[in-house]
Amino acid sequence: MRVVALISGGKDSCYNMMQCVAAGHQIVALANLRPAENTGQTDELDSYMYQTVGHHAIDLYADALGLPLYRGFIKGTSVNTGRVYTACPEDEVEDLYQLMKLVKDKEGVEGVSVGAILSDYQRVRVEDVCRRLNLQPLAYLWHYNQEILLKEMISSNIQAIIIKVAAFGLDPDKHLGKTLGEMEPILLELSEKYGVHVCGEGGEYETFTLDCPLFKKKIVVDSAKVVMHSADAFAPVAYLHFLKLHLENKQEESMGTFLVRSCSCEISCTDDDIFPSSGECEPPKNIPVIWKSLKHNSLDFTKTFQNSGKSLSGYQWFSSITAHFLPSKDKTAEDAAREAFSSLRANLTSEGLKMKDIILVHLYMKSMKDFSVINSVYVTEFDLCPPARVCVETVLPDGVLFCIDCLAHKYDMAADDVVHDEKLVMHVQSISHWAPASIGPYSQSIKVGDVLYCAGQIALVPCSMRLVGGGVRSEASLSLRHVGRVLEAMSQRTALHHVITASCYVTDSKSIPVARSIWRKKLRECKKDCKNTLKNIWKRRLQL
């Protein structure tokens, strides 16, 4: 894939470029946004989206990489600051849109390299820009363990220095200009004592990369001055302003060769630490496995649309939304899908609900061969926060294209004036090493109050979006890892052992003992990890 890299000059955007190259993509251009010249802020701009400290050296950064650089000015401000972003003419995100549109037109790029690690605010906005321009965001650092990530950056020969500090324990006189390698033990100590983000994801510090294996030349700082932004007694904010820099040629053996840690997305089925022994996979003797095979026309789809009635907390199930279809000249599969969704909308309306109130969908399909047609209709029915979805192929009677069950939620504000928790949505569309990107019209998870609803997960290798090899053991383990990561990202310290109910779909009854065994093993690991985490938290509190 031809990729443009969004760069700030920092370590994260640089290491994500290395990840893109390791994944087989080609970085063909760089893009950067800088403060507008008429703002009077030549170094540090108060922006939710962009790192601007060190932007004077970005031209040298591009020369060091030997790639074309596209730059734009940050004319807007942070206007639309909600969890979901929609285009707003005065917002600084629209400056990124215009820049990405220019790069796409000029370079024919298909993907965008993004160095986001933990910021949903930045990820959501970059993904919105990419969605509008039909570009694929590549955020390989997303939700990476920060301690491991920092070590990897250092071991991968990224030579980056601290150019801004803004946290308790970071001293401008001591730490500005230090390399990542020099700062690692200090950052780990601050993380242990005060919860500082090791990679600076809380805004604790910012960096500028002087050299990395992708650079053809290295950047040398000849002189710089310290600018005090805020002389706070406990957490002073200061940054380096570069006065003079130059490029130096690198020795040939140090160019173009680098090591990126082997991808952790794919699980080896020979790993004894992950997979149980064959003996452990045997089901307990006292728990019978009951397997019922459905006959071709054993299901009754003649009943009309049904719903459960609304619960006191605002939940309501709708079931038997069925798309009837027999190939004919007068009716297509697309027509059948539109009729089914029209019926669903009508029934929702009769209950005072809208499509946006649906939080979970179970989509049962007769054949995955029809998926693209059905999905093309499905995507038009939901907004930027689609419900979580479970989609499976199953036995359906002749004439039934698909069937839907869905859960909707809406508080009756007229009867209940209590302020409730809002609906939170996780809809990550970036390709990463974290979990499969949500490239379809569904969200990985939706949170209503204290309850999480998780989309179905299959064993896709996140960075390639291909099914993992190794059979049912690999698939079961990787699928559960995806679920665990989605739960944790949605609600900190939430794990598999907090699951109230789960459904596992298998294609062969022989797979049930293996899936059950791996489920039990994962639960044991989660409980053990939870105990260790609690011990560490109490240990840290006692130290304070």
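**Notebook: surface, hairpin and rings**

I began with the accessible surface of the chain, which comes to about 27400 Å², with 51% of that belonging to carbon and sulfur atoms. The areas come from the Shrake-Rupley method with a 1.4 Å probe, and for residues only the protein chains shown count as cover.

A note on ground rules: this is a predicted model, where local features need pLDDT of at least 70 and side-chain atom pairs count only at pLDDT 80 or more, while totals for chains, interfaces and linings use all residues. Residues are numbered from 1 along each chain as its sequence is written, and side-chain values use heavy atoms, leaving out hydrogens and water.

**Overall make-up**

I looked up the secondary structure and found 11 helices and 19 strands in the chain. These are DSSP runs numbered from the N terminus (helices H or I, at least four residues; strands E, at least two). Of the 544 residues, 48% count as buried, meaning under 20% relative accessible area with a 1.4 Å probe, protein chains only. I then checked contacts (heavy atoms within 4.5 Å): of those between residues at least 6 apart in sequence, 74% join residues at least 24 apart.

**A hairpin**

Next I turned to strands β16 (residues 445-448) and β17 (residues 451-454), which run antiparallel and are joined by four bridges. Strands pair if DSSP finds at least two bridges between them. V448 has V451 of β17 as its bridge partner. Two residues lie between the strands of this hairpin, and G449 takes a positive phi near 65°.

**Aromatic rings**

My search of the whole structure gave nine aromatic pairs. Rings of Phe, Tyr and Trp (its six-membered ring) pair if their centres lie within 6.5 Å; planes under 30 degrees apart are stacked, over 60 edge-to-face, and the rest tilted. One of the pairs is Y61 with F215, edge-to-face at 5.2 Å centre to centre and 80° between the planes. Y61 sits in helix α2 (residues 58-65) and F215 in the loop between β7 (205-211) and β8 (217-230), 154 residues apart. Both Y61 and F215 are buried.

F208 and F242 are both buried. I also noted that ring pairs link Y61, F208, F215 and F242 into a cluster.

**Charges over rings**

Lastly, I looked for NZ of Lys or CZ of Arg within 6 Å of a ring centre and within 35 degrees of the ring normal. The charged end of R125 sits over the ring of Y121, 3.6 Å from its centre. R389 lies over the face of Y378, 4.6 Å from the ring centre.

Terms used
Buried means under 20% relative accessible area, exposed over 50%, partly exposed in between (1.4 Å probe, protein chains only).
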